Structures are given as structure tokens and as C-alpha cells.
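Morning, everyone. I'll keep this brief. Have a look at the model first, then we'll go through it.

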Amino acid sequence: MSTKGDVRSYLRPHLADVEPYKGVDTPEALAARYGFSLEEVSKLDANENPYGPSPRVYEALGGLRNLHRYPDPPARELRRRIARYVGVGEDRVVVGAGADELLELVVRLFLGPGDTAVDCPPTFSMYSAFARQNGARVVEVERGPSWELDVEGVLGAVRSGARVVFLCSPNNPTGNVPPDGELRPILETGVPVVLDEAYYEFSGVTRAGWLDAYPNLIVLRTFSKLAGLAGLRIGYMLAHPDVVAGALKIKQPYNVTVASQAAGIASLEDLPRLQENVRRLVAERDRMAGLLAEHGLLVPYPSSANFVLCEVRGADAREVQCELASRGVFVRHFSKPRLEGCLRVSAGRPEDTDRLMRALHEISPVASEVAR
Ligand SMILES: Cc1ncc(COP(=O)(O)O)c(C=O)c1O
């Protein structure tokens with residue numbers, strides 16, 4: 001018998017209540033599970049960019065000869081290119097391993113055990129997840145019926161001592177962009193406000209131009225959606241130089257790999273192509289939303305992102321998700337109070353929309369059975 005005791009008793013106690021994040025499966029895993037070839041699968045569950053990266057990324061990666069060396073810690077060249085793309089000084093940019101890493105950096109910068117963060121659900125689940133993992137408390141200020149922010153609720157939480165507010169524009173999964181009138185009063189409080197613009201390019205609305213006016217504004221962006229590089233993990237933070245200096249101090253030194261830095265640079269050299277793909281996805285999102293509204297089983301909310309949240313009418317959302325999956329169409333369901341009856345569908349290629357609509361026409365009779 002071991003005398004060393006139970007190692008679990010050494011785990012930090014607050015971690016017992018932390019929910020594990022359930023990420024999405026790869027297309028290969030989904031295809032294998034449901035017995036499809038990769039070509040028969042429409043993966044519309046993770047807001048990825050189906051057009052993938054610029055061909056220049058593959059050229060750049062194929063030419064790499066320095067993989068035995070550590071990457072440049074501040075990712076200087078990529079940082080310079082991002083600063084030029086955004087139109088800010090380099091001292092306002094931190095590059096990270098995806099927006100996710102930067103979210104965690106923000107948590108580590110501003111939140112100690114017992115401190116409070118404000119989350120506005122339904123929204124991206126990593127805000128509360130990272131805060132809780134780091135021992136912070138999360139105050140949830142629910143959105144209103146059109147997914148608008150409860151500004152008074154957020155201001156109240158700030159008055160009660162919250163030290164960070166997490167906001168998302170366009171919001172995942174609801175797709176709406178908060179108007180200036182919701183954001184400004186929150187920013188005026190001076191408390192650090194994370195404005196996650198992961199889907200900015202699909203909305204064309206950014207508040208990066210407010211960085212001078214609001215030293216407490218922290219904008220997050222990613223190459224996962226615009227540049228089709230979810231697999232290489234590249235994101236960036238735009239913030240006041242003092243926040244940037246703090247983040248550079250505590251980030252892992254080699255957080256962005258040699259391959260990721262090269263891929264980010266190559267992407268920004270091919271911006272017109274990436275922007276053309278964004279235009280195609282926005283057009284496809286709108287075509288899909290129109291077809292869904294006409295069909296009537298998945299009723300779309302308006303969206304400014306590369307996905308559409310839909311209310312499932314007259315059927316169980318989980319059942320519809322399973323029926324779609326069995327036809328090679330993968331969409332996202334969230335087991336959260338106000339999203340139980342909804343599915344989130346990413347904009348894909350025209351053939352993905354067509355496959356989705358074919359599947360919906362097939363399952364509509366099944367769905368009405370479920371509803372009965
Ligand atoms: C709102 C939002 N923020 C951040 C991320 C994470 O982005 P990244 O892939 O750069 O970590 C996602 C990913 O889906 C997202 O939806």
C-alpha cells in the first residue's frame with residue numbers, strides 16, 4: 001500500500017469546480033466517426049475559415065530552415081506587420097498563441113484569486129473559464145432579449161469592485177456588434193475592458209481607433225478566422241503601451257512558434273486574397289440565412305460575423321444537430337440556459353450551404369415527429 005497519500009489533495013482546491021473545455025473534433029475524427037470521406041463533410045461547428053490560408057503560407061512554411069532555433073520572443077517582424085495592418089504603433093501590439101493565450105494573459109495581468117471579472121452571457125465561454133481557472137470570481141450580467149448588453153448591470157458590477165470586463169464584438173455566438181452607446185459608458189469607468197474582435201473582419205466594425213481615448217481598452221484579434229490559420233494559433237492584443245509592457249513581461253518567451261510567425265507574415269503579404277475570402281464568407285452567410293429563414297426549422301438571428309445563431313422551431317435542437325451530423329453536416333449546440341434551443345452554424349462554402357439545406361429538407365419530417 002502506498003504511504004504517499006492521494007496526489008489529488010495537492011491540486012489547487014478552486015480547480016475542483018472548473019469545468020473542462022470541450023473543444024470541437026477535427027474533420028478527420030468526425031468523418032471517421034460518422035463513416036464519411038472528408039469531401040462528404042461540412043464542418044460548420046467552429047467558425048473556421050473553410051478557404052484556409054494563403055498559398056504563400058505554405059510556401060513560407062516549406063522554406064523554413066530555422067526550426068532548430070527558438071523563435072523571436074517578441075515576434076518583432078510579425079508585430080511590425082500587424083501594427084501596420086491595424087494602423088497603430090508597434091508598442092501597442094502583443095502577439096500570442098491565438099487570442100486564447102492573450103485572454104489568459106489578460107487574466108494573469110489583472111485578476112488575482114478572489115478578484116471579480118464581468119462576463120455577459122451568452123458569450124464566448126473562455127472568458128469565464130480562464131478567470132475561474134485562475135481563481136477569480138465571475139459576475140454574470142445577462143444580455144437582453146436582442147442580445148444587447150445590460151449596461152447598467154455591468155456598471156453596477158464595476159461599482160461593486162469588478163476589475164475586468166469581457167466584451168465581444170461581434171459577439172460569439174449571438175453575432176451582434178455592440179453599438180457605441182453600450183461600449184462607451186463601460187469604457188468611461190476606467191476598468192480594463194477586453195473587447196474581443198476575433199470576428200472583426202466579417203463585421204467591418206472595429207474600436208481599435210479608440211485606443212488613444214481609452215487607455216483601459218484591450219482589443220483582441222486572431223488569424224484563425226481572417227487568415228484561415230486556426231491550426232497555427234496566432235492572435236494579437238492591441239492595448240496601451242503600459243499594458244503591452246506588462247503582457248510582454250509575463251508571457252512565455254517563445255509563445256509564438258517560428259512557423260506561426262512566418263505564416264502570420266506571409267498572410268499579411270496576401271491581404272487582398274484574405275479579404276476576398278472574407279467577402280465570400282459574408283455573402284455565403286447571408287445566402288444561408290435567407291435560405292434558413294425560408295425553410296423555417298432553423299430561424300436565424302441577424303449576424304455580423306462568419307456564423308449564424310439559429311433558434312430551432314418546433315423540434316429539439318440536440319436532435320436536429322444529431323440528424324444533421326448523420327448527414328455529414330456538423331453544427332454547434334451549447335448546453336447553456338438561453339442556448340438550449342439554438343444551433344450555431346458557421347458560414348461555409350456554397351457547397352456546404354447546399355449540403356446543409358439538403359439535409360434540412362430531409363430531416364424536416366423527422367423534426368416534426370420529435371416536436372409532436
Ligand atoms: C470570440 C472568440 N474569441 C477568441 C477565439 C479564439 O481565437 P484563437 O483561435 O485565436 O485562439 C474564438 C474562437 O473561436 C472566438 O470565437
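Predicted model: local features only at pLDDT ≥ 70, side-chain atom pairs only at ≥ 80, totals over all residues.

**The ligand and its surroundings**

Now the side chains. Aspartate 196 places a side-chain N or O atom 2.5 Å from a nitrogen atom of the ligand. Serine 224 does likewise with a ligand oxygen, at 2.6 Å from an N or O atom of its side chain.

Next, the shell. It has 14 residues, and Asp196, Tyr199, Thr222, Ser224 and Arg233 are the closest. By type, there are 6 nonpolar, 4 polar and 4 charged residues. Which helices each supply at least two of the shell residues? Helix H4, residues 98-110, and helix H9, residues 223-226. H4 gives the largest share, with 3 residues.

**The two domains**

Step back to the whole protein. Domain 1 comes in two segments, 22-49 and 272-364. Domain 2 runs 55-269. Their centres, taken over C-alpha atoms, are 26 Å apart.

On to the interface. Here 23 residues of domain 1 contact 27 residues of domain 2. About 2000 Å² is buried between the domains, and carbon and sulfur atoms give 62% of it. Which residues of domain 1 lose the most area to domain 2? Leu274, Ser304 and Arg338, which together make up 30% of what the domain 1 side buries.

That's my tour. Over to you.

Conventions:
Residues numbered from 1 in each chain as written. Heavy atoms only, no water. Near = heavy atom within 4 Å. Polar contact = N/O pair within 3.5 Å; in protein donor to acceptor, adjacent residues only side chain to side chain. Helix = DSSP H or I, 4+ residues; strand = E, 2+ residues; numbered from the N terminus. Nonpolar A, V, L, I, M, F, W, Y, C, P; charged D, E, K, R; others polar. Domains from an automatic or database assignment. Contact = heavy atoms within 4.5 Å. Buried area = accessible area lost by both parts, 1.4 Å probe.
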